[in-house]
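I opened the model today and kept notes as I went. Here is what I looked up.

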Amino acid sequence: MTDAASRSSGLPTGRPGKIIAVHLSYPSRADQRGRRPSAPSYFLKPSSSVAATGGTIERPAGTELLAFEGEVALIIGSAARHITADQAWDHVAWVTAGNDFGLYDLRANDRGSNLRSKGGDGFTPLGPGLIDARTVDPAGLRVRTWVNGASVQDDTTEDLLFPLPQVVADLAQHLTLEPGDVILTGTPAGSSVVVPGDVVEVEVDAPGAPGAPSSGRLVTRVVSGTHSFDPALGSLPAVDDVQRAEAWGSRAAAGLATEESSALPADLRERLERAPVAGLSAQLRKRGLNTTSIDGVCPLRPDLKLVGVARTLRFVPAREDLFSRFGGGFNAQKQAFDAVQQGEVVVIEARGESGSGTLGDILAIRAHANGAAGVVTDGGVRDSVAVAGVGMPVYAAGAHPAVLGRKHVPWETGGTIACGGATVQPGDVIVGDADGVIVIPRDFVEEVVDATLAQEAEDAWIAERVAEGNPIDGLFPMNAAWRERYEQERQR
């Protein structure tokens, strides 16, 4: 670290006027969260959250989910308002290391604002050294994090979803960035929970710049807090397994069961992924099951195959008094999407009514982050482009901009439902492709999929013979002579 490239006096202007944090910017973190946003989004942290370098952070009494996020921090050097992305870096004076601590125990009630979960005293350590922004390429920075000496984060700004100059220019078109303001530019995958006694270190450097300037290591020790939250003043800390999984980074890291009891065995899933829905439908029909197709739904992403186990959700027709009692808060719709497990498909009964949305991008993101296999609804989808962008198979009766309450009341989860004319029970196997969606009773699935794959192999052989110029008569279906030839070739 050279004198020209960095300094070690902490923030050049003392406490910043404002701290702005980017929600998602690293592809690795976005993939972990199950979404890749099309534009950057932000939240504010209070300036009182800035901590001296080499300090401590208290985990408040009665809480468990204090998580670190190693980040590249930008410090504004000159006022910026209505600038272009090409001009933006000229307004950044310094680059340093930041740690965007968050307390997931307080996340639910302030979701979106992050005020209490991210704004505690000491929750934004910065420093210790400052890298002169003029000496580095904004796409050539690296952030690394260690917990108790073990490397947990290591990523660069080369492939950010939103390049750093774009973030600065975007913010400057909404508000004036002032000297000393800090921008926390997001964290890569690897963020997780720390406990009292843990030591977190974050370093930002520019390995490809002359002298390889570095911020030095920003060291923070976690200690136990002594003050509890007063229930008479506001909401108390509260956690569930969803918050634990997000704070730790995964269910496995949080020490939670992977909840695969309802999921399909890997070998069965692989066979179902190879089996076309049309073939599965034919085999079910041969066994007397003629009403297993979920009609009237189309895939938002025809390129994605859907295979999973049903988790059901039922809506009843809109009625104002019922919606006022059952439509708000943590209703049945939100419960279903929050609780969906690895390998499950949320199947929604909306009575074929597509005149309002039955899910949107936030619920799709939640399902995808929980490992859901997909969603099937015989109602509408809001934010359809964003839902498709989540990357999870979703089948719906159409797109509609209206909110749920226009046509539906979220009523119950976990019961037997009717979706697209088909009866669906929790645990039924759901398979979808470009032809549609089929419901397979769990007791039939092994038999049906094996028969389907065998028939697919036979049909492929017949197609080859037809392509060779053989007539269909006697070949499709095969007479005794063709059957004998097929069996001989199959055995060989």
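Is T413 buried, exposed or partly exposed? I found that T413 is partly exposed, with a relative accessible area of 35%. Buried means under 20% relative accessible area, exposed means over 50%, and partly exposed lies in between (1.4 Å probe, protein chains only).

I noted the ground rules next. This is a predicted model, where local features need pLDDT of at least 70, side-chain atom pairs count only at pLDDT 80 or more, and totals for chains, interfaces and linings use all residues. Residues are numbered from 1 along each chain as its sequence is written, and side-chain values use heavy atoms, with hydrogens and water left out.

**Entry: T413**

I placed T413 in strand β26 (residues 408-413). Helices (H or I, at least four residues) and strands (E, at least two) are DSSP runs, numbered from the N terminus. I then listed what T413 touches: T312, L313, A332 and A336, leaving out residues up to four places away in sequence. Contact here means heavy atoms within 4.5 Å. I also checked I348, which is 65 residues from T413 along the chain. Their C-alpha atoms are separated by 9.2 Å.

**Entry: a hairpin**

I turned to strands β12 (residues 142-147) and β13 (residues 150-156). They pair in the antiparallel sense over 6 bridges; two strands pair if DSSP finds at least two bridges between them. W146 stands opposite S151 in β13. The two strands, β12 and β13, form a hairpin with 2 residues between them. In the turn, N148 has a positive phi of about 55 degrees.

**Entry: α12 and α13**

How do helix α12 (residues 445-467) and helix α13 (residues 480-491) pack, and at what angle? I read an angle of about 110 degrees, with the axes 12 Å apart. That makes α12 roughly perpendicular to α13, because angles of 65 to 115 degrees count as such, under 35 as roughly parallel, over 145 as roughly antiparallel and the rest as oblique. On the α12 side I listed A454, A457, E458, W461 and R465. They meet W482, R483, R485, Y486 and E489 in α13. The residues of this contact divide into 5 nonpolar, no polar and 5 charged. Ala, Val, Leu, Ile, Met, Phe, Trp, Tyr, Cys and Pro count as nonpolar, Asp, Glu, Lys and Arg as charged, and the others, Gly among them, as polar.

**Entry: α6 and α12**

Helix α6 (residues 266-274) packs with α12 at about 45 degrees, with their axes 10 Å apart. The two helices, α6 and α12, are therefore oblique to each other.

Conventions: Axes fitted to C-alpha atoms, helices over the stretch in contact; angles between N-to-C directions.
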